[in-house]
Amino acid sequence: ADDGTVYVLQISRGGLLMVDPTDPSTMEGQLTAVAPDGTQTVIASEGLVFPTGMAIGPDGALYVATFGVVGEAGQIWKIAV
């Protein structure tokens, strides 16, 4: 981001090898902000299922593609930061 923050998007918090199809919580990813001083802040995780892409819009919001590996179930989330 313009202020030096780096946003890190994980497809699965526990790793893909730990995904259990019967437990939706194992399919959740995580979006973390890393400040220039190294401070890490989780921006989103709950409900963020298999996120596969992210962009910073001209409005400063983050746009995250979710359900990226589930065919036509994909969504775009707008996350204000």
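This note goes through strand pairing, the nonpolar core and a few loop residues.

1. Basis. The model is predicted; local features need pLDDT of at least 70, side-chain atom pairs count only at pLDDT 80 or more, and totals for chains, interfaces and linings use all residues. Residues are numbered from 1 along each chain as its sequence is written, and side-chain values use heavy atoms, with hydrogens and water left out.

2. β1 and β2. Helices (H or I, at least four residues) and strands (E, at least two) are DSSP runs, numbered from the N terminus. Strands pair if DSSP finds at least two bridges between them. β1 and β2 run antiparallel, joined by five bridges. V8 has T32 of β2 as its bridge partner.

3. β2 and β3. This pair is also antiparallel, and four bridges join β2 to β3 (residues 40–44). L31 stands opposite A44 in β3. The hairpin has five residues between the strands. There, G38 takes a positive phi near 95°.

4. Burial of β2. Buried means under 20% relative accessible area, exposed over 50%, and partly exposed in between (1.4 Å probe, protein chains only). Four of the five β2 residues are buried.

5. Core. A nonpolar core is a set of buried Ala, Val, Leu, Ile, Met, Phe, Trp, Tyr and Cys residues joined through side-chain atoms within 4.5 Å. The largest one has eight residues: Y7, L31, A33, A44, L48, L62, V64 and I79. In soluble globular proteins, nonpolar side chains tend to be buried together.

6. V64. Contact means heavy atoms within 4.5 Å. Beyond its neighbours within four places in sequence, V64 touches residues including L9, L31, L48, W77 and I79.

7. I11. This residue sits in the loop between β1 (6–10) and β2 (30–34). I11 counts as partly exposed because its relative accessibility is 30%. Leaving aside neighbours within four places in sequence, its contacts are L16, M27, E28, G29, F50, P51, T52 and V69. I11 and T52 are 41 residues apart in sequence, yet 6.1 Å apart in space, C-alpha to C-alpha.

8. Two positive phi values. Most residues other than glycine have a negative phi. F50 is not a glycine, yet its phi is positive, about 40°. F50 lies in the loop between β3 and β4 (53–56). Its relative accessible area is 11%, so F50 is buried. F67, also a residue other than glycine, has a positive phi near 55°. F67 is in the loop between β5 and β6 (75–79). Its relative accessibility is 22%, so F67 counts as partly exposed.
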